[in-house]
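Me: Please take me through the structure below by question and answer. Could you begin with how the elements are assigned and what the model is?

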Amino acid sequence: MHGNNVVGVLFANIHDDKVRELTERRTMASIPFGGRYRLIDFPLSNMVNSGISKVGVITENNYQSLMDHLGSGKAWDLSRKREGLFLLPPFDPRGNPHSSRIESLYSIRRFLVSSKSAEFVLLSDCDVICNIDYREMVDFHVQQGADLTIVYTRGAPPEKMSNPIVLQMEPDGRVNNLLVAPKEPGACCYGLNMYLLRRDLLVQLIDDCVSRNLYSFKRDLLLRSLSSYSYYGYEFSGYCHTICSPLDYYQANMELMDPAVRGQLFNPKRPIYTKVRDDMPARYGLGSQIRSSLVADGCVIEGEVDNCILFRGVKVGKGSRLENCVILQDTVIGTGCRLNYVIADKDVLIRDQRTLTGFDSYPMFIRKGSIV
């Protein structure tokens with residue numbers, strides 16, 4: 001099965017409410033991650049690496065930074081005369097704003113109908129960090145004769161995950177029951193909000209839900225049609241982390257310190273692409289000390305950095321000590337500062353001799369453009 005037989009659809013704003021500190025001025029999809037990436041880089045790169053050459057990104061609000069990051073899609077080889085990357089801003093023929101996944105899909109109905117070269121649609125959120133080969137999923141879907149395939153992983157669903165779907169399956173992977181937000185499910189097979197189904201079937205199901213005034217994707221579309229169609233679960237057993245809270249965001253960044261995690265996430269055979277920003281190499285001053293940290297290009301470090309992630313253009317003054325911090329792009333830290341368990345958003349200025357301390361279970365967050 002060829003990837004160009006599939007059209008991808010990404011939801012940029014779904015789950016914005018889970019990390020309000022980071023989505024106040026941006027979408028969930030454009031949250032910076034790992035020193036140089038954005039969250040959308042992972043699902044978008046996964047699709048491109050799987051041969052999908054047409055991807056639509058559904059936006060709702062606060063998407064200026066997302067548009068700046070994606071541009072024409074050149075970094076993902078999606079700047080094309082035919083197909084390529086499509087930004088799908090909010091549009092509803094009834095004039096209503098999106099409030100659900102079904103309404104978002106209904107607003108891009110024309111995009112789905114016009115994608116006649118694609119037999120299947122792959123739906124994905126932008127809150128899951130993983131490196132998955134969708135070609136294997138499509139092959140599994142076709143071999144099983146499935147109407148809808150749900151990507152799942154084994155384990156306990158994240159505590160803050162919105163209405164997790166728990167799959168109960170037969171040995172061949174056929175789903176015989178779906179549970180939405182069960183209480184205390186423990187270790188189970190829970191969905192990653194990635195779905196593959198026929199394009200015409202998706203349009204049919206969306207039209208049916210809208211005509212009945214049903215707008216819950218999981219309850220009104222998935223559960224209601226479970227008995228009428230064959231659902232299958234496709235297991236993803238590699239590294240994945242779902243961003244459901246600021247703590248999840250902090251922990252996901254810190255997990256990059258593990259070489260095994262980096263090896264799975266940044267597989268050279270399936271690279272993660274991002275917008276190119278040319279900058280000078282990181283510069284380390286006399287007396288600076290860096291231990292167990294990820295430092296992006298363009299940084300200037302004259303103090304001590306221990307177990308931190310520094311994004312592009314971060315400056316650390318003399319005598320300052322950073323431990324267990326995530327410092328986003330172009331933040332400036334003055335001299336003699338002490339930071340521990342701190343997440344600093346972009347363009348933050350921390351003046352000289354400041355001491356900021358959080359905790360591993362509750363990191364301190366500094367909003368974008370703040371002066372401390």
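Reply: Helices (H or I, at least four residues) and strands (E, at least two) are DSSP runs, numbered from the N terminus. This is a predicted model, in which local features need pLDDT of at least 70 and side-chain atom pairs count only at pLDDT 80 or more, while totals for chains, interfaces and linings use all residues. Residues are numbered from 1 along each chain as its sequence is written, and side-chain values use heavy atoms, with hydrogens and water left out.

Me: What is the relative accessibility of His15?

Reply: His15 is found in the loop between strand S1 and helix H1 (20-23), and its phi is positive, about 80°, although it is not a glycine. Most residues other than glycine have a negative phi. Buried means under 20% relative accessible area, exposed over 50%, and partly exposed in between (1.4 Å probe, protein chains only). His15 therefore counts as buried, its relative accessibility being 10%.

Me: Is Asp347 buried or partly exposed?

Reply: Asp347 lies in the loop between strand S25 (342-344) and strand S26 (349-350), and it is not a glycine, yet its phi is positive at about 60°. Because its relative accessibility is 40%, Asp347 counts as partly exposed.

Me: What is the bridge partner of Phe11 in S4?

Reply: Strand S1 (residues 6-11) pairs with S4 in the parallel sense over four bridges. Within S4, the bridge partner of Phe11 is Ile58.

Me: With which side chain does that of Ser65 make a polar contact?

Reply: Ser65 is found in helix H3, and, leaving aside its neighbours within four places in sequence, Ser65 is in contact (heavy atoms within 4.5 Å) with Arg25, Arg26 and Ser30. A polar contact is a pair of N or O atoms within 3.5 Å; within protein, one must be able to donate a hydrogen and the other to accept it, and residues adjacent in sequence count only if both atoms are side-chain atoms. At 3.1 Å, the side chain of Ser65 makes such a contact with the side chain of Ser30.

Me: At what distance does the side chain of Asn131 reach the backbone oxygen of Arg270?

Reply: Asn131 sits in the loop between strand S7 (128-130) and helix H6 (134-144), and it counts as buried because its relative accessibility is 4%. Its contacts beyond four places in sequence include Asn46, Phe236 and Asn267. The side chain of Asn131 reaches the backbone oxygen of Leu265 at 3.0 Å, and that of Arg270 at 2.8 Å.

Me: How many disulfides does a search of the whole structure find?

Reply: A disulfide is a pair of cysteine sulfur atoms within 2.5 Å. Cys126 is buried because its relative accessibility is 2%, and its sulfur is 11 Å from the closest cysteine sulfur, in Cys130, which is too far for a bond. For the whole structure, the number of disulfides found is zero.

Me: What phi does Asn213 have after H7?

Reply: Helix H7 (residues 199-211) has 13 residues and reaches 18 Å from its first C-alpha to its last, close to the expected 18 Å, where the expected span is 1.5 Å times one less than the number of residues. Among its buried residues are Leu202, Ile206 and Cys209, and the buried residues of H7 pack against elements including helix H4 (101-107) and strand S11 (188-198). H7 is followed by Asn213, whose phi is positive, near 60°.

Methods:
Two strands pair if DSSP finds at least two bridges between them.
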